[in-house]
Amino acid sequence: MQTGLILWFIFINVVGYLVMSDDKRRAQQRRDRTPERTLFLLAFIGGALGVWVAMYRKRHKTKHPSFTIGIPLLLFLNAVMYGYFLQ
């Protein structure tokens, strides 16, 4: 189970990073965007680290309180959950 959880952690965080990066690119090109709900869902199901890293590396959504507060809270929740299941 630990190997599967580690693979999930890597996979979902890469997906979170790529989706957040793609949303930034789409914003710059004034195209259809990824719904914020989707970004939060990715963070909630384990990809908060990837979303958080992309948020600051790409400077995307850093002025939205829902993201500057919500994503770190979900990151903390993810850390607690991963820690619990990896014991």
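The protein has three helices and zero strands, where helices are DSSP runs of H or I with at least four residues, strands are E runs of at least two, and numbering starts at the N terminus. Along the sequence that reads α-α-α. The radius of gyration is 13 Å, close to the 12 Å from the globule rule for 87 residues, so the protein is as compact as a globular protein of that length. That radius is taken over C-alpha atoms, and the rule is 2.2 Å times the number of residues to the power 0.38.

Before going on, the basis. This is a predicted model, with local features needing pLDDT of at least 70 and side-chain atom pairs counted only at pLDDT 80 or more, while totals for chains, interfaces and linings use all residues. Residues are numbered from 1 along each chain as its sequence is written, and side-chain values use heavy atoms, without hydrogens or water.

The C-alpha atoms fill a box of roughly 45 × 25 × 20 Å along the principal axes. Of contacts (heavy atoms within 4.5 Å) between residues at least 6 apart in sequence, 71% join residues at least 24 apart. Buried residues are 31% of the 87; buried means under 20% relative accessible area, exposed over 50%, and partly exposed in between, with a 1.4 Å probe and protein chains only.

Next, the pocket. A pocket here is an open set of points on a 1 Å grid over the protein atoms alone, where a 1.4 Å probe fits, with protein on both sides within 12 Å along at least five of seven lines; lining residues have an atom within 4 Å of a point.

Which residues line the largest pocket? They are Met1, Leu5, Trp8, Phe44, Ile45, Gly46, Leu77, Asn78, Met81, Tyr82 and Phe85. Helix 1 (2–28), helix 2 (36–57) and helix 3 (65–86) each give two or more residues to this lining, and helix 3 gives the most, with five.

Last, the loops. Most residues other than glycine have a negative phi. Arg30, in the loop between helix 1 and helix 2, has a positive phi of about 55 degrees. Arg30 counts as exposed, at 77% relative accessibility. Arg59 sits in the loop between helix 2 and helix 3, with phi near 55 degrees, again positive. Arg59 is exposed, with a relative accessible area of 68%.
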